[in-house]
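Here is my note on the model you sent over. Please read it with the structure open.

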Amino acid sequence: MIALDGELLRLKSPRITLSMEFKEKDTSGQTSGTNGAEQGEKGKELQITGLIPFTDAMALARLFELAQDKDDGNARKIYRIGCELAEAVKIYQVKFAGRIMAPEQEGLMAWRVSFTLREHLSVPEKREQRAPKPEATIAQGTEGATPVQPPPAEEEQQRELSRTEKVLKYLDDKAAGKKKEEAPDEAE
């Protein structure tokens, strides 16, 4: 028996499959290692299948209405679920996810309905929301590295220029249109 917001879904021979995904990213690179980085627990899902007789077309129509319902924010509606399996694994709220299908079963004179209900606000999600957020750090860099100092301004350059540097500086200043007060020493 499955109920959404207290409304019983009229399915014959219902089968409920519970699943939960643990996301993990492979960190072994090109090696044969099995290392992985955990990426969290995803919400539980209930895959539900069952039969709706051709004589109960209203039950099929109502199931599709429930799947299509939207809340005030135009998002899929979240339902309170009533189901022994959901209660056993502490699933309290669900919403329709993925695809809902109802192919005909000719020999049974019924539709075999299948759909998925995904947990809303799972226990891991609530735990993650309650966890304190770490302070954001602005600094970037590598441990033990020294910061790069900007080059000193021209006024701070007190180093004596060599003869070749003086000639090059003179030519550079002349090409730039600067007036030079002192010409390079020819005697040096």
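This is a predicted model: local features need pLDDT of at least 70, side-chain atom pairs count only at pLDDT 80 or more; totals for chains, interfaces and linings use all residues.

1. **The main core.** The largest nonpolar core holds 23 residues. L4, I81, F96, F115 and L117 have the most contacts inside it. Several elements each supply at least two of the core residues: helix α1 (57–68) and the strands β6 (45–53), β7 (79–82), β8 (93–101) and β10 (110–119). Helix α1 gives the largest share, with five residues.

2. **F115 in its surroundings.** Leaving out residues up to four places away in sequence, F115 touches L9, L11, L46, Q47, I48, L63, F96, R99 and I100.

3. **The aromatic cluster.** Y79, F96 and F115 form one aromatic cluster. The structure holds three aromatic pairs. One of them is Y79 with F96, which is edge-to-face, with 6.1 Å centre to centre and 85 degrees between the planes. Y79 lies in strand β7 and F96 in strand β8, so this pair ties together parts that are 17 residues apart in sequence. Y79 is buried, at 2% relative accessible area. F96 is buried too, at 6%. The ring centres of F96 and F115 are 5.4 Å apart and the planes stand at 40 degrees, so that pair is tilted.

4. **T116.** This residue sits in strand β10. Is T116 buried or exposed? T116 counts as buried, because its relative accessibility is 17% and the limit for buried is under 20%. Beyond residues up to four places away in sequence, T116 touches E45, L46, Q47, K95, F96, A97 and R99.

5. **E119.** E119 is also a residue of strand β10. E119 is buried, with a relative accessible area of 8%. Which residues does E119 contact, leaving aside neighbours within four places in sequence? They are G43, K44, K90, I91, Q93 and V94.

6. **Two backbone angles to check.** Most residues other than glycine have a negative phi. D5 has a positive phi, near 50 degrees. D5 is in the loop between β1 (3–4) and β2 (7–8). Its relative accessible area is 28%, so D5 is partly exposed. M109 has a positive phi as well, near 55 degrees. M109 is found in the loop between β9 (104–105) and β10. M109 is exposed, with a relative accessible area of 53%.

7. The structure holds eight salt bridges. In one of them, R10 pairs with D56, and the closest N and O atoms are 2.9 Å apart. This pair links distant parts of the chain, 46 residues apart. R10 is in the loop between β2 and β3 (12–19), while D56 is in the loop between β6 and α1. R10 is partly exposed, at 46% relative accessible area. D56 is partly exposed, at 21%.

8. **Salt bridges within helices.** R62 forms a salt bridge with E65, with the closest N and O atoms 3.1 Å apart. Both residues lie in helix α1, three residues apart, about one turn of the helix. R62 is partly exposed, with a relative accessible area of 31%. E65 is partly exposed, at 41%. D173 and K169 form another salt bridge, with the closest N and O atoms 3.2 Å apart. Both are in helix α4, four residues apart, about one turn of the helix. D173 is buried, with a relative accessible area of 9%, whereas K169 is partly exposed at 36%.

9. **A salt-bridge network.** Which residues are linked in a network of salt bridges? They are D5, K77 and R80. D5 is the loop residue with the positive phi from point 7.

10. **A nonpolar surface patch.** V167, L168 and L171 form a nonpolar patch on the surface. Together they have about 260 Å² of accessible area. V167 lies in helix α4 (residues 163–175). With a relative accessible area of 34%, V167 is partly exposed.

How values were computed. Residues are numbered from 1 along each chain as its sequence is written. Side-chain values use heavy atoms; hydrogens and water are left out. A nonpolar core is a set of buried Ala, Val, Leu, Ile, Met, Phe, Trp, Tyr and Cys residues joined through side-chain atoms within 4.5 Å. Buried means under 20% relative accessible area, exposed over 50%, partly exposed in between (1.4 Å probe, protein chains only). Contact means heavy atoms within 4.5 Å. Patches are made of residues with over 30% relative accessible area and no salt bridge: like charges are joined within 9 Å, nonpolar side chains (Val, Leu, Ile, Met, Phe, Trp, Tyr) within 5 Å. Accessible areas come from the Shrake-Rupley method with a 1.4 Å probe; for residues, only the protein chains shown count as cover. A salt bridge is a side-chain nitrogen of Lys or Arg within 4 Å of a carboxyl oxygen of Asp or Glu. Rings of Phe, Tyr and Trp (its six-membered ring) pair if their centres lie within 6.5 Å; planes under 30 degrees apart count as stacked, over 60 as edge-to-face and the rest as tilted.
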